[in-house]
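Thank you all for coming. Please take a moment with the sequence and the structure before I start on the ligand and the spaces in the protein.

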Amino acid sequence: MKYHTFENFTALTEALSQQWLDVIQTTPDGSSFALAGGSTPAPVYQRLDQLLSNIDAHNPIKLVATDERWVPDQDTQSNEGLFRRCLSGSAADKRWQLVSLKNASSTPEVATEAINVRLNEQLPQAFSAVLLGMGADGHIASLFPGAPTQHDDLACLAAVHPQTRQSRMSLSLPRLLNTKRIWLVITGAEKRQVLEQAIENNLPVASLLREAGCTIDVFWCP
Ligand code: 6PG
C-alpha cells in the first residue's frame with residue numbers, strides 16, 4: 001500500500017486524472033477500467049472527461065462499474081448513470097464503451113449468470129486499473145462485511161446493502177484483483193483510520209490489502 005496524500009480533493013483529482021490519462025495513452029491495445037460509484041469519485045471522472053476531450057485520439061477504453069445498484073440509469077442512485085453524466089463529453093465522441101452490470105432481469109440474483117458471460121466476453125482478463133472507494137464499514141465495491149466476496153467462480157455476484165437493503169451487483173473480489181493497478185480513493189481521517197485498522201478488524205478491504213497482486217495506490221486527502 002502506498003499513500004498519495006493531497007491538501008484537498010481538487011489536487012487529488014488533478015493528480016489521479018493525469019495518471020489515468022497517462023495509462024490510457026500508453027496502453028496501445030486499449031485499456032479497461034473498473035470504476036467505483038458512490039459520492040467520492042465524480043470530480044475525478046469529470047476531470048478525465050475534460051482531459052479526454054482535449055486530446056485528438058487515443059486507444060479504445062472499456063469501462064465497467066465495480067458495482068451497481070439494481071436501479072435504472074436515470075435513477076440518481078445508479079453508478080452507470082453517474083458515469084454517463086460525468087463522462088458525457090467523451091461519451092458523445094464515443095471515446096469509451098461501458099460494459100453494463102445490469103440487464104432487464106428483475107433481480108441481480110437472476111441476472112448473475114448472464115452478466116458473468118457478458119463480462120467474460122467483453123472485458124480483457126486483467127484490468128488496466130481498478131478505481132475503488134471504501135465505505136466507513138470497510139466495504140469496497142458492494143462487498144460488505146460478513147458477506148461473500150465471490151459466488152462459485154463467477155466474475156460478479158449479487159449483494160444487498162446491509163442498511164438500505166438495496167439490491168446490488170458487484171464484481172467479485174478475484175475479478176477486482178485481476179488488475180495491473182489499484183487506485184483506492186478515500187477522504188477524511190475516519191476512513192484513513194478504518195483502512196489502517198482494516199486487517200486487525202478483518203474488514204472487506206483487508207482482503208484487497210492481503211491478496212492484491214500489485215501496489216495499492218491510496219489517494220487520500222482530509
Ligand atoms: C457504491 C460504491 C461503493 C463506494 C463506497 C464509498 O456503489 O456505493 O461503489 O463501494 O465506493 O460505498 O462510497 P462514498 O464515496 O459515497 O463514501
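This is a predicted model: local features need pLDDT of at least 70, side-chain atom pairs count only at pLDDT 80 or more; totals for chains, interfaces and linings use all residues.

Which polar side-chain atom lies 2.6 Å from an oxygen atom of the ligand? That atom belongs to Lys191, and the pair is a polar contact, a pair of N or O atoms within 3.5 Å.

Residues are numbered from 1 along each chain as its sequence is written, and side-chain values use heavy atoms, with hydrogens and water left out.

Staying with the ligand, one of its oxygen atoms is 2.5 Å from a side-chain N or O atom of Thr40, and an oxygen atom of the ligand is also 3.2 Å from a polar backbone atom of Gly37. On its own the ligand has 420 Å² of accessible area, of which the protein covers 88%, by the Shrake-Rupley method with a 1.4 Å probe. There are 17 residues around the ligand, and Ser39, Thr40, Asp67, Ala141 and Lys191 come nearest, where being near asks for a heavy atom within 4 Å. By class, this shell has 4 nonpolar, 9 polar and 4 charged residues, with Gly counted as polar.

Where does the ligand sit? It is in the largest pocket, with more than half of its atoms within 2 Å of the pocket's grid points. On a 1 Å grid over the protein atoms alone, a pocket is an open set of points with protein on both sides within 12 Å along at least five of seven lines, a cavity is a set where a 1.4 Å probe fits but cannot get out, and lining residues have an atom within 4 Å of a point. The largest pocket holds about 320 Å³ of space, and of the 19 residues that line it, Gly37, Gly38, Met134, Gly135 and His139 are the closest to its centre.

The second largest pocket has about 200 Å³ of space, and its lining includes Gly30, Ser31, Ser32, Pro60 and Lys62, which lie nearest its centre. Strand S2 (31–35) and strand S3 (61–65) are the elements that give two or more residues to that lining.

Finally, the largest cavity has about 30 Å³ of space, and its lining consists of Trp20, Ile24, Phe33, Leu48, Leu52, Ile61, Leu63 and Trp96, with 8 nonpolar, no polar and no charged residues.

Terms used:
A polar contact is a pair of N or O atoms within 3.5 Å; within protein, one must be able to donate a hydrogen and the other to accept it, and residues adjacent in sequence count only if both atoms are side-chain atoms. Grid points are joined across faces, edges and corners, and a volume is the space filled by probe spheres set on the points. Helices (H or I, at least four residues) and strands (E, at least two) are DSSP runs, numbered from the N terminus.
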